[in-house]
Amino acid sequence: MSSVFAEFAPEVRRPVLPETDISYAVSDTSVGRLLLAVRSDGRLVTSAYVASADEESAWLQRLADVVSPRVLHHERPLDGARRELDDYLAGRLERFSVPVDLVLASAFQRSVLSALAAQVGYGSSTTYGALASAIARPKASRAVGTALGANPLCVFVPCHRVLPAGGSVEGGVRNVGGYAGGPAAKEFLLTLEARSAP
Amino acid sequence: MSLPPFQSLVDAHWRDVGRLAHALAGPDHGDDVAQQAWTQALAAYPRVTSTRNLRGWLLTITHRCAMDVHRSRRRTVAHEDPGSLPAAPVVAAPVEPDDGLWARVAALPERQREAVVLKYVGDLDHRAVAAALGTTPAMSRRLVSDALAALRVDVEEMR
């Protein structure tokens with residue numbers, strides 16, 4: 001349409017919206033690009049590796065579907081989580097104090113992640129089988145692996161501390177098992193904790 | 001039903017909402033109207049029942065906010081100086097290097113002005129324009145064509 005209506009281009013200001021049900025921000029860290037999201041009460045609901053814009057959109061859509069569609073980009077509500085993450089990745093922090101919310105996890109995942117958080121401390125590790133036994137499901141090590149692979153709170157709930165049984169070494173490289181952030185990120189975290197642990 | 005994260009609506013439509021707000025409320029109130037529209041949309045968003053036309057939904061809210069500002073302003077003017085009301089322009093013309101078309105848009109009867117702005121600045125179809133104005137698509141068509149006739153804009157060119 002060649003009319004002036006189409007050419008009407010006033011200078012418009014972006015709206016400034018309040019912090020709402022879900023606030024998120026993306027952080028470039030030494031282990032990868034992490035999407036962090038908190039609820040209005042300050043509890044962390046997501047810490048997820050998002051290598052691409054598509055992965056970021058998929059997590060935001062999941063938050064919209066499960067928690068609330070009022071999802072907005074705000075940096076400030078993530079300051080606390082980000083500071084702890086920085087300290088942890090620099091070897092200055094062993095235990096996170098940011099409150100977390102496992103609303104994105106299934107009931108089974110919750111039992112796995114809770115057992116993990118309670119039983120496997122900084123600098124130590126366990127196996128998929130041992131964790132399965134810990135939740136009284138000794139035959140469910142594969143399901144435990146799947147549950148950890150979909151951990152919505154990577155790093156904060158330490159699924160990187162769970163390794164395959166036997167820990168084979170191939171070509172001088174230890175097999176650390178799968179990880180949402182990739183095996184290099186998992187190796188980085190394990191090495192960091194081994195080095196910094198008392 | 002799955003609603004997209006609100007941030008994606010802001011990113012996709014903030015320019016269109018601002019543009020419509022400026023066209024309806026003028027340069028002095030455009031940004032405030034747009035801000036108000038976004039605030040209202042955010043509050044109402046979880047109750048939205050269809051994702052089919054979220055852009056139209058946002059522009060309808062923008063229109064309503066512009067009309068609210070407009071009405072309260074008219075009341076204020078009336079209170080301060082009743083004599084000034086008939087001569088007061090309906091809306092300040094947006095600052096645009098055109099041939100005076102915006103001044104003529106501003107001088108249109110209220111319904112015609114709203115209809116033509118929703119149609120061509122908002123790029124909405126007659127069904128959406130009618131919904132915003134609380135009327136029928138046939139009436140929207142009529143308001144728009146009357147407006148274009150009054151503006152002496154070539155109707156064929158606008159199709």
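A:Ser27 stands opposite A:Leu34, which lies in strand 2 of chain A; strands here are DSSP runs of E with at least two residues, helices are runs of H or I with at least four, and both are numbered from the N terminus. This is a predicted model, in which local features need pLDDT of at least 70 and side-chain atom pairs count only at pLDDT 80 or more, while totals for chains, interfaces and linings use all residues. Residues are numbered from 1 along each chain as its sequence is written, chains are lettered from A and ligands numbered from 1 in the order in which they are written, and side-chain values use heavy atoms, with hydrogens and water left out.

Strand 1 (residues 22-29) and strand 2 (residues 32-39) of chain A run antiparallel and are joined by 8 bridges, where pairing requires that DSSP finds at least two bridges between the strands. These two strands form a hairpin with 2 residues between them.

Strand 2 of chain A also pairs, again in the antiparallel sense, with strand 3 (residues 44-49) over 5 bridges, and there A:Val38 has A:Leu44 in strand 3 as its bridge partner. In this hairpin, which has 4 residues between the strands, A:Gly42 takes a positive phi near 90°.
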